[in-house]
Amino acid sequence: MFKGRQFDRSVILLCVRWYLAYNLSLQNLEEMMAERGVEVDHATIHRWTVRYAPLLLEQFNLRKRVVTRRWHIDETYIKVRGRWTFLYRAIDSHGDTIEFWFSERRNLAAAKRFLNKAPKRHGRHERIVIDGSQTNREAILSCDTTDRLPDRSRHQLKPIRILQNRYLNNRIEQDHRAIKRRVRPMLGFKSVDNARAILGGIEMVHMMRKGQAKYAHNWQPSLTDQFEQLVA
C-alpha cells in the first residue's frame, strides 16, 4: 500500500488519522509535523488522505461487526464547491453505523441507490425509522417490493415495517453531529471525488470510536492501534 512513497508509513498514517479524527486544518498538520522535524506540504497530506482513506475503509469493512435489523435512515447536508450535496446515513437500534452514501442529489433515485447498497453488506432489515420524507418512504417501498418478488423461499419475506416519525429519528440526527463537527472546519470540499473519499474516512473513524470492528478476545485498541491493524 505504501510502496514507493517518500515518507515512512508511520508518518502517512499519523497525518491521515489526525486529519480524519480531529478538527485540524491541513495547515495545522503541516506545522505540527514541522515541529517534529518532518517537512511535508499540506497539499501532500491532502493527497494522502484522498488516496488512503478509501483503502483503509475497505479494510475496516472486513472487520466490521454485525448490526441489528432495526434501522434509522436519514440524510444530512454537505457543501461541495459552494453547493449543497447530501450524505445518506443509516444506523441501527444500538447507534452503530450501518452504511452511508454520498450523493450530489436528494431524490428518489439517490434514496433507492442507498437502500439497495446497505442490504448487500448487512442483510435484510425488518424495520426502518425515517422522518417525514415521502421520497425515502417511496424508495423503501419500491426496494422492498423488488427484493421480495424474486424470493422463492418456503417462508415468504415479510414487508419491511416503516415507522415515520421525526421524533423517533432523533437517534440518527444526533449521530449526524459527529460527522458535521469534523466537516465544518473544512469549509466545504473542492470536488465530489475528494468529498466522497474524505467523508468515507471520517465515517470510518466514527465507527472505530464506536467499537464496531472485530478484534480477538474483545480487545478494544486505540485509534492508533486500529489504524495499524488495518495495514498490518
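Is Ala 118 buried or exposed? At 1% relative accessibility, Ala 118 counts as buried, where buried means under 20% relative accessible area, exposed means over 50%, and partly exposed lies in between, using a 1.4 Å probe and protein chains only.

## About the model

This is a predicted model, in which local features need pLDDT of at least 70 and side-chain atom pairs count only at pLDDT 80 or more, while totals for chains, interfaces and linings use all residues. Residues are numbered from 1 along each chain as its sequence is written, and side-chain values use heavy atoms, with hydrogens and water left out.

Ala 118 is found in helix 4, which covers residues 108-122; helices (H or I, at least four residues) and strands (E, at least two) are DSSP runs, numbered from the N terminus. Leaving aside its neighbours within four places in sequence, Ala 118 is in contact with Trp 71, Glu 99 and Gly 123, contact being defined as heavy atoms within 4.5 Å. Ala 118 and Ile 202 are 84 residues apart in sequence, and their C-alpha atoms are 18 Å apart in space.

Asn 136 belongs to helix 5, residues 134-148, and is buried, with a relative accessible area of 4%. Apart from its neighbours within four places in sequence, Asn 136 is in contact with Glu 75, Tyr 88, Ala 111, Leu 115 and Ile 130.

From C-alpha to C-alpha, Thr 146 and Asn 116 are 10.0 Å apart in space, and in sequence they are 30 residues apart.

## Two exposed arginines in loops

Arg 81 lies in the loop between strand 1 (70-80) and strand 2 (83-92), and at 68% relative accessibility it counts as exposed. Arg 81 has a positive phi of about 50° although it is not a glycine. Most residues other than glycine have a negative phi.

Arg 184 lies in another loop, the one between helix 6 (170-183) and helix 7 (192-209), and is exposed, with a relative accessible area of 55%. Together with Arg 177, Arg 181 and Arg 209, Arg 184 forms a positive surface patch. Such a patch is made of residues with over 30% relative accessible area and no salt bridge, with like charges joined within 9 Å; a salt bridge is a side-chain nitrogen of Lys or Arg within 4 Å of a carboxyl oxygen of Asp or Glu.

How values were computed. Patch = residues over 30% accessible without salt bridge, like charges linked within 9 Å, V, L, I, M, F, W, Y side chains within 5 Å. Areas by Shrake-Rupley, 256 points an atom, 1.4 Å probe, with all protein chains shown as cover. Lys, Arg positive; Asp, Glu negative; His and termini not counted. Charge placed at Lys NZ, Arg CZ, Asp CG, Glu CD.
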